[in-house]
Every structure is written in C-alpha cells, then in structure tokens.
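Colleague: Hi! Could you walk me through this one?

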Amino acid sequence: MCGIVGACRADNGVRQILLRGLTTLEYRGYDSAGLAFVGDKNVQRLAVAGRVAKLRQITKITDGSTGIGHTRWATHGAPDEHNAHPIAVGQVALAHNGIIENHAELRRELTDAGRVFHTDTDSEVAAHLLDMALADGDDFLTAMRRTAAKLHGAYALVAVAAGNNSIAFARDGSPLMAGTDNKNGFFVASDAQALNGIAHRALYVEDRHCGLISTAGITLVTTDGETAAQNWQPLPSGSETVLLGEHRHFMEKEIFEQPDAIAAALQHHLPKHQLSLRHFGNGATSLFKRTRQVVIIACGTSYHAALIATYWLRNFGIPCRAAIASEYRYCPDKLAAGVLAVGVSQSGETADTLSAMRTAKSAGATTVALVNVPHSAMAREADLLMLACAGTEIGVAATKSFTAQLTQLLILTLALTKARNVLAPAQEEDTLMQLRQLPYLMRRALLIEDDIRRWARVFAGADSALFIGRHTHYPLALEGALKLKEISYIHAEGCAAGELKHGTLALVDKRVPIVGLAPDNELLPKITSNLAEVAARDGRLFVLAGEKFDMPATDTLRLQDGGNFLSPLIYAVPLQLLAYHTALQKGTDIDKPRNLAKSVTVE
Ligand code: F6R
C-alpha cells in the first residue's frame with residue numbers, strides 16, 4: 001500500500017534517495033507517485049498516475065536538499081495525478097498513509113473558513129490544517145502537532161514547507177520511522193526497506209508522536225507536546241537487495257525458494273532439529289503451560305494458515321479458533337487469563353491484524369506475533385515474537401511466507417503440546433522427522449510444474465473455478481481459490497467438500513474446472529465420494545492426490561506428502577504454481593495484481 005520516504009541532507013540533493021526508496025516500496029502496491037522539494041519561496045511538487053519509472057523521467061532536472069516522496073494506493077479519490085501525494089496546499093506539501101475518518105467534517109469546516117479543495121482525497125484536510133497553522137504563525141513542529149490533534153483515524157504524515165529545510169512528521173496507527181546515516185543525513189520512511197543502505201540507525205515512531213528532522217538532527221514529541229524518548233536501534237545493513245535472477249516474476253522466484261526458505265526456518269527454530277521450549281524465550285515454558293485457549297488472528301492467506309493450524313492444535317486437544325482480524329476487532333472474545341492470541345502476518349503491519357492484537361491484549365490475552373518482517377509493528381508490540389524466516393517476499397501474492405507460517409505454526413503447536421506434557425516422545429520424534437523431510441518433499445512437489453502448466457491452459461480459458469478439500473485441505477482449498485483469483489482475475493471459490501451438496505454443487509457443469517485435494521488420509525473415501533458427485537454432474541476434475549486415490553479417467557497428479565501434518569504445505573505448492581501459470585497465460589501483472597497491495601495498512 002502507500003509508501004513514504006523523506007530525506008534531508010546538507011551536502012547533496014535527495015532526489016536519488018527518494019526515487020530509490022520509492023522503487024523499493026513499489027512491491028507494496030500503488031497506483032500513483034509523487035515527490036516534493038523545498039524551495040525558498042515555494043514547494044515544488046511533481047506527480048504521476050502510474051509507476052515510479054515515469055516519475056523518474058519527469059523529475060530529471062529537479063532536485064533539492066530536503067524532499068519527500070510517496071506512492072499512493074487510492075482509497076478516497078481516483079488514482080490519478082491530481083489526487084497523487086504529496087498534496088500541495090499554500091506553502092506546504094504533505095504525504096499521508098492511512099485514512100482520515102473525520103475528513104468530511106473537517107472539509108466542511110475548512111471550506112466554511114474559505115479554503116478551496118483541489119483533490120478528492122481524505123488527506124487534503126491535513127495539508128490545509130498544516131498550512132493554516134503556519135499562516136497563524138506556528139513553528140513547523142507545533143503546526144504539525146495541531147494538525148495531528150484534529151485528525152481521527154490512522155495516519156503517518158510527512159510534510160515540507162517553503163523556505164524551511166526540515167520535514168515535519170506525525171504518526172497514529174500507520175507505520176513510520178526515522179533514520180540517520182550518522183553524519184548529516186536524516187530520513188523518514190514508512191518501511192525500513194526504503195532506507196536500506198542509506199540509514200544506519202533507525203527510530204520507530206510511536207503512535208501519537210510527532211517530530212521534525214533537519215540536517216541538524218531530530219526532535220521528537222508526543223502530540224501533547226511532551227518531549228519523547230528517542231530509542232535508536234541499529235538498522236541491519238544490506239537487508240538483502242532482492243533480485244529476480246533467472247526468474248520472470250518474484251512470485252515464481254518465491255515459489256521456487258520455498259524448500260530453501262523452509263530449511264533455513266527449521267535451522268533457525270529447531271537448531272539440531274530438536275524442539276526446545278527455551279528457544280521461545282524467557283518465560284515461554286510457563287506461559288505455554290498456563291495457556292488454556294489459543295486464538296489465531298489474521299487476514300487473507302495468513303488467515304488460511306491460521307485455519308490449518310486450528311486442525312493441528314485441536315488434534316492435540318488444545319482449544320483454539322482462528323479469527324478474521326477485521327471481524328475480531330469488532331466482536332472480540334470476552335477473554336480471561338490463559339488465552340494466547342497469535343497474530344499471523346507476513347508484513348507485521350496489516351492494520352486489522354495489528355488492531356485486533358491490541359484488542360486481545362487489552363482484554364488480557366498474551367500476544368504472540370508470527371511475522372516475516374522482523375522490525376514490523378506487530379513484532380515490536382507482541383509479548384512474544386516468532387519469525388517466519390521466509391526472507392523478503394516481494395510478489396503481492398503470498399507464497400513462501402504461507403508455507404513458512406505453517407512451519408512455524410506446527411512448531412508452536414508442538415511447543416504448546418510439549419509444555420502441557422501431552423506430547424508423547426514418540427509423537428514428537430515422528431513429527432520432527434516429518435518436518436526434517438519438508439524441504440525435500442517441497443522440491444519434489446515443484447517437479448510437477450509441467451503438468452500444472454497443462455492444467456493452467458484449461459483454467460486460463462475458464463470464467464470460474466472451484467477448489468474442494470476436507471480437514472486441513474479445506475483451508476487449503478480456500479487458499480488455492482484466493483491465489484487463482486488475485487493474480488489471474490478468474491472467479492474462484494474454495495469449498496469444504498462436504499458442503500458441496502448444500503449449495504455450491506449447483507455451479508458445477510463442464511465449463512467449471514474443479515481442483516480436488518485428495519491426500520492419503522482417513523478421509524480419502526469421503527473426498528473420493530464428493531469428487532464422484534462432481535464427476536457425475538459433468539464437472540471437469542483436476543485432482544491432486546497421494547498414491548491411494550483411485551478414480552479412473554480422472555486427471556490426477558500424484559504428490560508425496562510425508563504424512564498428515566505436512567500434507568497441506570506440500571499441496572500448497574502445485575496450487576501456487578497453478579495460479580502462477582494461469583496468470584502467465586492471461587498476461588496479467590503477476591507481481592502487482594490490480595487493486596491489491598502487499599502491505600495493507602488501512603482498515
Ligand atoms: C494473498 C495475500 C493477502 C495477505 C493479507 C494479509 O496472497 O497476500 O491475502 O495474506 O493481506 O497480509 P499479512 O500476512 O501481511 O498480514
């Protein structure tokens with residue numbers, strides 16, 4: 001979603017830093033981009049609808065020693081040049097991530113006060129408030145504080161003002177950080193990646209804090225004006241520069257990285273391949289012992305990982321449920337002591353998950369963040385942190401982060417079970433043995449790519465597709481459908497196989513390709529019957545199965561899945577490949593599908 005970067009440097013122009021930062025943030029998803037530089041008498045704003053490459057073209061001869069840049073993912077107002085940020089009003093230019101919920105009311109008040117609006121955005125009210133405060137004689141920081149105090153909703157704001165070589169910023173609810181090169185360069189950004197290789201230390205701005213950077217340093221205050229403590233941390237350098245290498249798309253690269261990513265995650269969390277509760281940090285053993293119930297909170301693909309984990313936890317007798325974060329926020333549990341709230345998120349910044357975690361925490365739960373981005377907001381706020389260790393994921397469609405989350409959720413399941421003394425040593429050894437096989441089994445699953453390409457030709461010609469499965473393969477059917485629709489734009493539905501005859505079966509005819517998930521487990525006879533019901537109605541079946549599935553004349557691809565627990569991780573691979581190859585045939589923008597963003601920082 002929207003990205004922010006800002007820079008002040010004494011000795012040089014900042015255009016390259018801003019453009020480089022915005023390019024790094026491109027993967028988050030956006031539809032317009034802009035820059036603003038401080039001049040003596042005005043601010044110079046340049047913006048485009050479309051890509052940062054276009055912005056680079058039109059800003060070739062513009063530069064300055066203080067400037068801000070933004071990539072906008074439209075929420076209020078069309079994704080065109082005039083709604084792009086930074087928004088210039090009077091003597092200021094302002095960029096905003098988040099949503100200002102009271103914008104309509106503020107717009108009315110400001111219009112009554114004679115202000116004329118030029119964009120359809122919710123953000124423009126903040127630019128007017130800031131410009132008015134400066135016109136009233138406030139210094140830049142006070143003007144930003146007064147502006148922030150009037151806003152309801154979520155925001156990270158950065159702004160520049162004519163004749164003032166500094167950047168004012170404010171945060172409430174949307175990520176924002178400051179950075180320095182330890183010399184005379186100070187920066188702001190919505191994501192550490194934008195400052196990769198530029199800043200050596202970082203300060204994560206807290207909610208309801210404001211500040212000012214200039215080449216002289218940084219001032220940080222609360223929105224009430226109290227001086228705030230500055231907690232600087234080293235910014236890990238060389239956080240990898242992610243290159244496509246031999247691959248056509250990041251999604252393809254990330255699908256194929258899964259065996260290595262999982263191997264690295266296992267090495268990190270199960271050194272010597274042993275399950276040690278101490279590895280979870282101080283107090284984890286007693287925390288896990290006290291845990292009476294687990295609620296796993298997430299969105300999208302991460303929610304599907306959460307749903308799969310509930311089958312594992314229940315299998316070991318641990319009461320649990322998975323909750324969609326955006327629903328949980330407004331209908332939380334009446335929590336009592338002993339609840340472990342696990343937030344699962346690739347980015348660790350998803351607004352709904354972050355808020356739902358805060359809701360759970362304030363109701364008394366202990367929170368665990370299972371995230372892929374180490375310094376993300378969820379990682380910083382949770383009581384306990386588990387890293388997915390998947391490596392940077394650029395493609396908007398989550399792939400390797402999904403299987404890495406599942407790996408960690410399985411390890412967490414074992415840890416909880418072990419702490420409660422209900423994990424038999426033989427079962428622990430058996431599950432760990434399955435886990436050790438995982439990278440090898442994933443490599444084997446990748447080998448069916450050619451057959452999947454053949455399937456994809458059929459799917460690319462369809463208007464609609466179904467995915468069906470049972471038990472842990474039901475959430476996986478949901479995931480297969482989500483992957484297909486988000487990057488190929490084909491309507492797709494995932495369905496619990498037993499539910500088919502309660503409605504969805506009416507959709508089945510020979511034009512609708514149907515993926516059946518039929519692993520070798522105790523439910524194989526049941527899913528086989530469900531698939532027979534589909535075949536009897538002319539449904540065109542494409543089945544992913546183990547060795548035992550037997551339905552003559554059915555297009556079946558065989559997978560070796562290594563046992564009940566690992567099965568959904570292995571079956572995820574061909575589903576990702578199917579979505580990828582279908583989208584490839586349709587020629588869509590695979591890594592940046594329309595309307596979607598990698599990091600969803602608005603509700
Ligand atoms: C789908 C996808 C999204 C995300 C969802 C949550 O491929 O990527 O559905 O899973 O937006 O994002 P995170 O995991 O960052 O909280």
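Predicted model: local features only at pLDDT ≥ 70, side-chain atom pairs only at ≥ 80, totals over all residues.

Colleague: Good to know. How is the protein divided into domains?

Modeller: There are three: domain 1 covers 3-241, domain 2 covers 245-446 and domain 3 covers 449-586. Between domain 1 and domain 3, the C-alpha centres are 46 Å apart.

Colleague: And where does UniProt place the SIS domain feature?

Modeller: The unreviewed UniProt entry puts "domain: SIS" at residues 284-425 and 455-593. In the model, the span 284-425 is 46% helix and 20% strand, and its end C-alpha atoms lie 20 Å apart. For 455-593 the figures are 39% helix and 20% strand, with the end C-alpha atoms 21 Å apart.

Colleague: Thanks! On to helix packing. What do you look at for a pair?

Modeller: Two packed helices are described by the angle between their axes and by the distance between those axes.

Colleague: OK, take α9 and α13. At what angle do they pack?

Modeller: About 30 degrees, with the axes 9 Å apart; α9 is residues 300-315 and α13 is residues 400-419. Because of that angle, α9 counts as roughly parallel to α13. The crossing is right-handed.

Colleague: Which residues make that contact?

Modeller: From α9 you have Thr301, Ser302, His304, Ala305, Ala306, Ile308, Ala309, Trp312 and Leu313. From α13 come Phe402, Gln405, Leu406, Leu409, Leu410, Thr413 and Leu416.

Colleague: Nice. What about α15 and α18, at what angle do they cross?

Modeller: Roughly 55 degrees, and the axes of α15 (residues 449-460) and α18 (residues 567-586) come within 8 Å. So α15 is oblique to α18. This crossing of α15 and α18 is right-handed.

Colleague: Who is in contact there?

Modeller: On the α15 side, Glu449, Ile452, Arg453, Trp455, Ala456, Arg457, Phe459 and Ala460. On the α18 side, Pro574, Leu577, Leu578, His581, Thr582, Gln585 and Lys586. By class, the contact of α15 with α18 has eight nonpolar, three polar and four charged residues.

Colleague: Let's switch to the backbone. Is the bond from His85 to Pro86 cis or trans?

Modeller: The His85 to Pro86 peptide bond is cis, with omega near -5 degrees. You'll find Pro86 in the loop between β4 (66-72) and β5 (87-89).

Colleague: And Asn182, is its phi positive or negative?

Modeller: Positive, at about 70 degrees, although Asn182 is not a glycine. Asn182 sits in the loop between β9 (177-180) and β10 (186-189).

Colleague: Why flag those two spots?

Modeller: Because most residues other than glycine have a negative phi, and most peptide bonds are trans.

Methods:
Residues numbered from 1 in each chain as written. Heavy atoms only, no water. UniProt positions renumbered as here; feature names shortened; annotations may be inferred. Helix = DSSP H or I, 4+ residues; strand = E, 2+ residues; numbered from the N terminus. Domains from an automatic or database assignment. Axes fitted to C-alpha atoms, helices over the stretch in contact; angles between N-to-C directions. Parallel < 35°, antiparallel > 145°, perpendicular 65-115°, else oblique. Left-handed = near helix turned anticlockwise from the far one by under 90°. Contact = heavy atoms within 4.5 Å. Nonpolar A, V, L, I, M, F, W, Y, C, P; charged D, E, K, R; others polar.
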